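Here is a friendly walk through one structure, with the sequence and the 3D view side by side. Please keep both open as you read.

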Amino acid sequence: EDGYAHVSKKGEEGVINTKGKVVVDTDYDDVGTLTEGLYRVQKNDEYGFVNEKGKEVIDTDYDYAGYFTEDGLAVIRDGDEYGYINKKGKVVIKADFDDAEGFADGYAIVKDGDEYGLINKKGKFVIKPEYSDMDYIGEGLYAVKKDADDEWGIVNRKNKEVVKADYSNIGTINHG
């Protein structure tokens, strides 16, 4: 990673620079990839974040944490529910969801009960939970299934059908 290397010592992980200087102490069970200026770290089955200088900026208090995206938010799990924090560790979208994905282009797929929908960065639904499955495939489009046995179709962020549900699988959009 641009002048840094992950290292292990006595079963614990950290990060050093190209001169061998320890940047993130080797006292974590896991150190993730540097994203948006922060390393996701895990210690004793709890997650938090340290900056590029190794300073813990978000305590290892979460049952799970995803990586920060370009939208400046990361998924966290507190108990059985998912929400989102900003890079200062402030909860910006309360942990009220049964599952959640990272933000992409200002929107994130979340699960409420047994159904998936789409929220904006304020935590408001732009597509109410109504799909049994939902995947972001790029360029503001989402592959969706109404019921588990249904075929996949594609909708936009306004939940307008773009491609009829007629496919057993839909991949990501590449090069438009």
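Strands, like helices, are DSSP runs numbered from the N terminus: a strand (E) needs at least two residues, a helix (H or I) at least four. Two strands pair if DSSP finds at least two bridges between them. Between β2 and strand β3 (residues 22-28) there are three bridges, and the two strands run antiparallel. They form a hairpin with four residues between them, and G20 in that turn has a positive phi of about 85 degrees.

A word on the source: this is a predicted model, in which local features need pLDDT of at least 70 and side-chain atom pairs count only at pLDDT 80 or more, while totals for chains, interfaces and linings use all residues. Residues are numbered from 1 along each chain as its sequence is written, and side-chain values use heavy atoms, leaving out hydrogens and water.

Strand β1 (residues 4-9) runs antiparallel to strand β2 (residues 12-17), and six bridges join them.

Put together, the three strands make an open sheet in the order β1-β2-β3, with antiparallel pairing. The edge strands are β1 and β3, since each pairs on one side only. From one strand to the next, the twist averages 20 degrees; the axes are lines fitted to C-alpha atoms (for helices over the stretch in contact), with angles from 0 to 180 degrees between N-to-C directions. As background, strands of a sheet pair through backbone hydrogen bonds, either parallel or antiparallel.

Most residues other than glycine have a negative phi. Which way does the phi of E36 go, positive or negative? E36 is not a glycine, yet its phi is positive, at about 55 degrees. You can find E36 in the loop between β4 (30-35) and β5 (38-43).

E139 also has a positive phi of about 55 degrees without being a glycine, and it lies in the loop between β16 (133-138) and β17 (141-145). For accessibility, buried means under 20% relative accessible area, exposed over 50%, and partly exposed in between (1.4 Å probe, protein chains only). E36 counts as partly exposed because its relative accessibility is 35%, whereas E139, at 53%, counts as exposed.

## Rings and charges

Rings of Phe, Tyr and Trp (its six-membered ring) pair if their centres lie within 6.5 Å; planes under 30 degrees apart count as stacked, over 60 as edge-to-face and the rest as tilted. By this rule there are five aromatic pairs. One of them joins F97 and F125: the ring centres are 6.1 Å apart and the planes stand at 85 degrees, so the pair is edge-to-face. Because F97 lies in strand β11 (residues 91-97) and F125 in strand β15 (residues 125-131), the pair ties together parts that are 28 residues apart in sequence. F97 is buried, at 7% relative accessible area, while F125 is partly exposed, at 29%.

Charges can sit over rings too: this means NZ of Lys or CZ of Arg within 6 Å of the ring centre and within 35 degrees of the ring normal. R40 lies over the face of Y67, 4.3 Å from the ring centre. K43 lies over the face of Y28, at 5.9 Å from the ring centre.

## Salt bridges

How many salt bridges does a search of the whole structure find? It finds two, where a salt bridge is a side-chain nitrogen of Lys or Arg within 4 Å of a carboxyl oxygen of Asp or Glu. D105 forms a salt bridge with R157, with the closest N and O atoms 3.9 Å apart. D105 is in the loop between β12 (99-100) and β13 (107-112) and R157 in the loop between β18 (152-156) and β19 (161-167), so the pair ties together parts that are 52 residues apart in sequence. D105 counts as exposed at 51% relative accessibility, and R157 as partly exposed at 23%.

K146 and E130 also meet through their side chains in a salt bridge, at 2.4 Å from N to O. This pair links distant parts of the chain, 16 residues apart: K146 is in the loop between β17 and β18, and E130 in strand β15. K146 is partly exposed at 42% relative accessibility, and E130 is partly exposed at 24%.
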